[in-house]
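Hi,

Here is the structure I promised to pass on.

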Amino acid sequence: MTTATREKQPEIRQRILQEAIARFAHKGAELTTIREITQATQVNLASVNYYFGSKDGLLHAVLDTVLGPLSEARAQLLDAAEARYGDRPIPIEVLLDALLRPLVKTAKTPDGGRIVVRLLQHLRATPEHSVTSLLSAQFDHIAHRFIDALSRTLPHLARAEVIWRYEFARGAAMHVLTDADPRSGRLALLSQGLCDNRDDEQVLAHLLTFVSTGFCAPSHNDISHIHRRETPSQASSVPFFTPSGNNAG
């Protein structure tokens, strides 16, 4: 193998990987063919097999490349919070900022969409056990660190309830960032321009206000106990929310 060939190897692998990231985020791994990637990068199928083994191997590399920095950023912010507060409970706002800021601030495509959000939305739309295992391997360690810290901050909540609220927080973030994506335009259309989804700090501030309030709500068991004490007529007279004409999903 010549020196020139050895120097090209990392560049070829990176070209394939970056093209796969762009295409998987744009239309999902299932709808993207290896032929599309090889044609765009001007390499042959043998190169994909050499560097990644298969399409599944390429997807694994894409997930490591895209999701790894997100997990690392969350871990670093959580490390800093734990170092600052020591044995004291970490304020809920600090924990949620460490969880959600890296997602809001994650790398964007030239058109302003978040690569991580687009990729994850495609993967969740067509769930596969093998992909779920990959996501668990990438996220679960840091997820349990956050759940442990949240449990210490909110000791009145059972661990199961903390996990539920952790998932609701993540779900709210993914939903609003999907609607804020320029390719969707849902948030801009719904708000008629009132919500500036281009300002990451504003998006994060509103998101943190919402999920912090949810985390600090009374426990599910306490609320269920109150509801069980009410008669049907009492329960029907106290609606959870008042419907309006703008409650479309």
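How many residues does helix α10 have, and how far does helix α10 reach from its first C-alpha to its last? Before the answer, some ground rules: this is a predicted model, where local features need pLDDT of at least 70 and side-chain atom pairs count only at pLDDT 80 or more, while totals for chains, interfaces and linings use all residues. Residues are numbered from 1 along each chain as its sequence is written, and side-chain values use heavy atoms, with hydrogens and water left out.

Now the answer: α10 (residues 200-215) has 16 residues and reaches 22 Å, close to the 22 Å expected at 1.5 Å a residue. (That expected span is 1.5 Å times one less than the number of residues; helices are DSSP runs of H or I with at least four residues, numbered from the N terminus.)

Its buried residues (under 20% relative accessible area, 1.4 Å probe, protein chains only; exposed is over 50%, partly exposed in between) are Asp200, Val203, Leu204, Leu207, Leu208, Val211, Ser212 and Phe215. They sit on the same side of α10 because they cover an arc of only 145° around the axis, taken from the directions from the helix axis to the C-beta atoms. These buried residues pack against α5 (92-104), α7 (129-153) and α8 (159-180), with contact meaning heavy atoms within 4.5 Å. The face turned away from the buried side carries the exposed residues His206, Thr209, Phe210 and Thr213.

On to the core. Tyr50 and Tyr51 make an edge-to-face pair, 4.9 Å centre to centre with 80° between the planes. Tyr50 is exposed at 58%, whereas Tyr51 is buried at 19%. Together with Phe52, Tyr50 and Tyr51 form one aromatic cluster.

Cheers

How values were computed:
Phe/Tyr/Trp six-rings, centres within 6.5 Å; stacked < 30°, edge-to-face > 60°. Helix = DSSP H or I, 4+ residues; strand = E, 2+ residues; numbered from the N terminus.
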